[in-house]
Amino acid sequence: MFIFDQLRSKDIPIKIIVIFILCCFLVLVAKLWKLQVSTAVSFQDRQENQSVRAIRLPATRGNILDRNKKPLAVNRLRFDVHIYIDELRSLFREHYFSLKNGRKMNRSEQRRLGKEARYQVVSNLTMQVSMRIGEPLVLNEKRFHEHYEQRLYMPLPVMQDLSPSQVAKFVELIHSLPGVGLSVNPVRTYPNGEMAFHALGYLRRDDNPEDDQEVQFSYRYRMPDYVGIDGLEGIYDRLLRGEAGAKAIRVNNISYRTSEDVWVWPESGRDIELSINRDIQLAAEEALKSNGPETRGSIIVMDPNNGDLLALVSKPSFDSNKFISGFSREEIAQLNDSQLNRWINRASGSGNVAYPPGSIFKIISSIAYLEEGLINNPNKEIFNKGFFRNEQLYPNYSLDDTAPSGNYNFIRAFKLSCNSYFIHFALTPDGLTDQWRQGKRVLIDWGNRFRLGKKTIHPLQVSGYEFQSPLREGSGYFPVVGNEYKTKDQYGKKSRWAAGDVANLCIGQGEITVTPLQMAVMTAAIANGGKLIQPRLVLSVSSSNEDTQSNLRNIPSKVLGDLNLKDETVSLLHEAMLADVDDRDGSGRGARVSGISIGGKTGTAEKKVPTGKFNPKTGARLFRMDHITWFVSFAPVESPRYAMVVMVESGASGGKICAPIAGRVYRAIREVENSNNKEGAKLANR
Amino acid sequence: MNSFLMHFRKLRVDLLLGFSLFGLMFFGSAFILSASIDQYEINALFETYFFRQVVFYFVGITFGVFFVIVDYHRLSGYAQTSYWIIILLLVLVLIPGVGEVRFGARRWFDLGVTLVQPSEFAKLAFIFALADFLTRPSDEMFMPGVFVKAIGMTALPFLLILKEPDLGSSLVFFPIGTAMMFVAGVPLRFLGKFLGFSSVLVLLVIINVLYAPADWRIPLNEYQRHRLLVYFNKDFASADATPAERKEARELQRSRTHNIRQAEISVGSGGLMGKGWGQGPQTRLGYLPKGVAHNDFIFSVISEETGFLGSMAVLSLYAILLLKGMQIADQARDRLGKLLAVGVVAMIFCHVFVNIGMHLRLMPVTGIPLPLLSYGGSSVLSSLIAIAVLQNVKLHKNSY
């Protein structure tokens, strides 16, 4: 061939040189093949690695709305001012040369001057922004250099969270300043402040949450993100948080940003619609606070027909917004107050708090006596001496009664909360023989039928997805059927049941603690004629698809069990509970609201509270008596739509403290219903 | 017009040689433009590398025409004179105030319009002088005196250029000289002894650089030592260094290896097809340092943006050039023409192999340009003149 003739040359040295050249080229070709074809991918990776910074983009958190789609936890837009340093490079250069002023400098002096020039340019720019939006801003020199050296590809944050007027001023001047930009970021906000704190929960800053993504990027930087810690925000965090996205920033050899490219768009979290009615919730919070700012207690309003929790109040509470904006010294002290303990949800008994029910347990006692035939004639009168004592049968037991002495039939005993009447049927229904074992069996049996000692909410399977209970719940304590021994006392001693324990149990003292949520389920069951309904807090979760309406996953209401009560029992109980509020001498009269028929039952339980002191001789813990006051109710009695539990710790009595609070809430509910009707009427008129 | 064509035919231009020449100049100008495209925002047109390179090509071709037309026998009449003139220039360039310092080396004369690097032209003058010297009866090749003289002619410019310092350029003289002596018929036992001796010398230098304690080192420039350490993948820090020294040494090593690391990434990441003209992030984003991308490291830019196929195209063009040169040498009418052609081929081959080999880590980093592709007036001019000499030898092979 034309250029390989030399290989046939007779000139040996020429031939050798040609062969040598060809061999050397072959080596080059082989090495090039290895670099550019065989191992090209590894070099492409190295090239990506040094020029691309992966940034994690958190998704917008889903909203939490009330049953009328009013906002409970949503995202507001936060406006931040940033400086894009890469756009200032020519200014840096100009300023550098004007500072240098033609002087001769060595390398390190030049570097120092360059650093100074950069800081002065950016600081100057910050000053200009500061002057024009009327907010004192200072650029921290150390932080600036740190940002420059480590995160140059990211914009430099200058000011966060501008007020609307500052945004307006800023937008006017944005064109006159180089490299300054406004960024908009969603921030969690709770428009109602501390309302429903325990149900909603709170967030904590966490830039590195576990992601579900199949592809994990090795992020150089993570944009600020939050995870839910408690309440719905915590329990349904995976649904609310959505899926983070990823962005690639291409940088040049000195880390200046040159271009951006979104790899994966973040996928917003899902919206959750609650059963809460914001107006009722707000009214209930106000009503409970009317007892005093440091009231410890709870209010639950539930729909007895489907279990919807219309209000779930636990006090004292805290403002969820503070977990994002930060705490003052005082607020930290408030959070650490162990007496008030703001962390626990008293309504659902999170952290295993539970309370003796006191006289509201007489509702269950009544049903037990009526259903088992211990009371076969409710009109039969029993004489109350003003205290319970039976020298022959129970020489060691006596109990004072708050109800005055006199003759009591069932209704009167119920509305005046006569202890003697209820103890009579628990221990000796005929008044002659000791039958406390029968009383124990009946009461424990019925307490268990009401599912006391168990959590009220169970996980639900909805179209293949398991919904966890949205509340952290305590179970309280109730003895199991056939239980021989009582719970251990403070010395760890086990003792057998005695007649006195049964007498205590029938009036809601001793071997029993309950949560307000359990009492709400009980009250609802009385209201709806005997069905135990699982409380429902979450109504629906929006699908991740855009097409929300059709894809709402509705959480159905769930019946936990039917008590199969006789109609007579239900109507008698309704009558007695109505009398408790309506009658002039009823203990719950404080709850009366004109125009609504309310049935209720008061309770004032005694609870031993450790004083923190010890008996100097025996070393035993010293206790004082505290009161847990209750009022459970439902309305309207004819066709119940609301079941309500009000519980206040350290109150005076259920009738004096809790019943009026319930009355306030019912009045608020009436107003809410009226305004809804008006709106409905308005709509109808159109 | 007709007369021009007639004259052109008379030149008997080798079409394949012309094709490879213009192919290389096309690659050179296109990728110098790609490597320095940012310049168009700041600099005036005549200050841009691309424009200047095109001007150099034209000036080079003009000089080339002269070196084609004038019979190489007449040219070699001035061989010894030009050799000694260039030696004088190499001495002058070392004198502070006369020679210009760039990047820590005194290699240039400043002519106002452009810088001139005499070492580039020294190679040409050396080829002419040695070819002229070796064009004597082949019996004389067996005389040790002739051989020693030839070695001396090679060593003189080598030592002067080494002093600049420019180790890479200076070392090129030996392969050129050896190839020419080999073709001229210098006995193999002389050449063998010489090659053996210089290999041992090089080996000793390398061993000294890599392993000798500080007091025993030959006085090599710091950066030259570092380049050799980088090539042999050795730690900069000595074994008994303190942690602080070690850290400093590691940093220095990182910065010293930066260019070659980035060059390797550029070449490798080009892949089979490359990223397209002007699209290589290594070049565009400045990872491949802007100061060297358009000259010594132009092959990185080409292979990043055109991939394996582009690299093969460049290698093929050089292969055509070199093999064509050898063909011309083979068919030359006399020893002088043959030696001139072999000298030129050896010179171009050394540049190509050392420069591309450096990108592929086959060779240590040296400041040797890629003929016709790298930016630089002196290099372009001397390359074009050298190729003109090839054409000259071809043109006059039959004109007795």
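**Exercise 1. How many helices and how many strands does the secondary structure of chain A come to? Set the count beside the overall dimensions of the chain.**

Solution. The model is a predicted one, and its chain A has 21 helices and 26 strands. The next step is the extent of the chain: along the principal axes, the C-alpha atoms of chain A fill a box of roughly 140 × 75 × 65 Å. The radius of gyration of chain A is 37 Å, whereas a compact globule of 686 residues would have one near 26 Å.

**Exercise 2. Carry out the corresponding analysis for chain B, and explain why chain B is as compact as a globular protein of its length.**

Solution. Chain B contains 18 helices and three strands. Its radius of gyration is 22 Å, which is close to the 21 Å given by the globule rule for 400 residues, so chain B is as compact as a globular protein of that length. The box filled by the C-alpha atoms of chain B, taken along the principal axes, is roughly 75 × 55 × 45 Å. Of the 400 residues in chain B, 46% are buried, and among contacts between residues at least 6 apart in sequence, 70% join residues at least 24 apart.

**Exercise 3. Classify the packing of H4(A) against H5(A) from their angle, and describe the residues that meet.**

Solution. Helix H4 (residues 107-133) of chain A packs on helix H5 (residues 141-150) of chain A at an angle of about 110°, the two axes being 11 Å apart. Because of this angle, H4(A) is roughly perpendicular to H5(A), the range for that class being 65 to 115 degrees. The crossing in which H4(A) passes H5(A) is right-handed. On the side of H4(A), the residues are Lys115(A), Arg118(A), Tyr119(A) and Val122(A), and they meet Glu141(A), Phe144(A), His145(A) and Tyr148(A) in H5(A). By class, the residues of this contact are four nonpolar, one polar and three charged.

**Exercise 4. Which element gives the largest share of the side of chain B that touches chain A?**

Solution. The contact between the chains involves 37 residues of chain B and 32 residues of chain A. The elements that give two or more residues to the chain B side are helix H10 (173-184), helix H13 (243-269), helix H14 (281-284), H16 and helix H17 (335-359) of chain B. The largest share, 14 residues, comes from H16(B). By class, this side of chain B has 24 nonpolar, 11 polar and two charged residues.

**Exercise 5. Is Gly508(A) buried or exposed, and is Ile555(A) buried or partly exposed?**

Solution. Gly508(A) lies in the loop between helix H17 (499-506) and helix H18 (516-528) of chain A. Gly508(A) is buried because 27 other C-beta atoms lie within 10 Å, the cut-off being 20 or more. Lys362(A) is 146 residues from Gly508(A) in sequence, yet the two are 6.9 Å apart in space, C-alpha to C-alpha. Not counting residues up to four places away in sequence, Gly508(A) touches several residues, including Pro356(A), Phe361(A), Lys362(A), Gly603(A) and Ala605(A).

Ile555(A) is found in the loop between strand E22 (553-554) and strand E23 (559-562) of chain A. With 19 other C-beta atoms within 10 Å, Ile555(A) is partly exposed. Ile555(A) and Phe467(A) are 88 residues apart in sequence and 8.7 Å apart in space, C-alpha to C-alpha. Leaving out residues up to four places away in sequence, the residues that Ile555(A) touches include Leu460(A), Phe467(A), Arg536(A) and Ser540(A).

Key: Residues numbered from 1 in each chain as written. Chains lettered and ligands numbered in written order. Predicted model: local features only at pLDDT ≥ 70, side-chain atom pairs only at ≥ 80, totals over all residues. Helix = DSSP H or I, 4+ residues; strand = E, 2+ residues; numbered from the N terminus. Rg over C-alpha atoms; globule rule 2.2 N^0.38 Å. Axes fitted to C-alpha atoms, helices over the stretch in contact; angles between N-to-C directions. Parallel < 35°, antiparallel > 145°, perpendicular 65-115°, else oblique. Left-handed = near helix turned anticlockwise from the far one by under 90°. Contact = placed C-beta atoms within 7 Å. Nonpolar A, V, L, I, M, F, W, Y, C, P; charged D, E, K, R; others polar. Buried ≥ 20, exposed ≤ 12 C-beta atoms within 10 Å, placed from the backbone.
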